[in-house]
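Have a look at the model first.

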Amino acid sequence: MAFEIDRDKCLGCGACAVICLFDIPCALDSAKQKYTIDKEKCFGCGQCENICPNSAIHPAAGHRKIKKVTINKDKCIGCSLCSRACIPGAAHGKIKEPFDIDQSKCIRCGACAEKCKKDAIVVEY
């Protein structure tokens, strides 16, 4: 999951760098005053795409935007790895009981799915 910036459309405003909850993907190319996204580090949540005033950000080739993230209660063992990886605090629950994802808080980045060792996170594209 990764996004990229169309450098012809980038205004260099920095909104993408400010909104990124992971503080790593957006970097300013000072020579051209344009931003780039490190696709290796981008979680693909799309927060930058949503805030870009010039619609310069879109999913990278071969990548899809996550539409919904849920937890399969039959697979979840309540280890809390998803909750610890969830920056906005959408994944929550009690230890040793199935966790849940608050859809109103979820930014659909998939960080929880990457941490889950029981394959209990369902990511819909």
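This is a predicted model: local features need pLDDT of at least 70, side-chain atom pairs count only at pLDDT 80 or more; totals for chains, interfaces and linings use all residues.

## Ground rules

Residues are numbered from 1 along each chain as its sequence is written, and side-chain values use heavy atoms, with hydrogens and water left out.

Helices (H or I, at least four residues) and strands (E, at least two) are DSSP runs, numbered from the N terminus.

Two strands pair if DSSP finds at least two bridges between them. Strand 5 is joined to strand 8 (residues 121-124) by four bridges, and the two run antiparallel. Across that pairing, K68 stands opposite E124 of strand 8.

## Cysteines without a bond

With a disulfide taken as a pair of cysteine sulfur atoms within 2.5 Å, the count is zero. For C106, the closest cysteine sulfur belongs to C112 and is 6.4 Å away, which is too far for a bond. C116 is in no disulfide either, as the nearest cysteine sulfur, in C79, is 6.2 Å off.

For accessibility, buried means under 20% relative accessible area, exposed over 50% and partly exposed in between (1.4 Å probe, protein chains only). C106 is buried at 12%, and C116 is buried at 19%.

## Salt bridges

Side chains of opposite charge can pair when their charged atoms come close. The rule here asks for a side-chain nitrogen of Lys or Arg within 4 Å of a carboxyl oxygen of Asp or Glu, and it gives four salt bridges. One of them joins K39 and E4 at 3.1 Å, N to O. K39 lies in the loop between strand 3 (34-37) and helix 2 (47-51) and E4 in strand 1 (residues 3-5), so this pair ties together parts 35 residues apart in sequence. K39 is partly exposed at 41%, and E4 is partly exposed at 22%.

Another salt bridge links K65 and E49 at 2.9 Å, N to O. Since K65 is in the loop between strand 4 (57-59) and strand 5, and E49 is in helix 2, the pair ties together parts 16 residues apart in sequence. K41 and D38 also meet in a salt bridge, at 4.0 Å, N to O.
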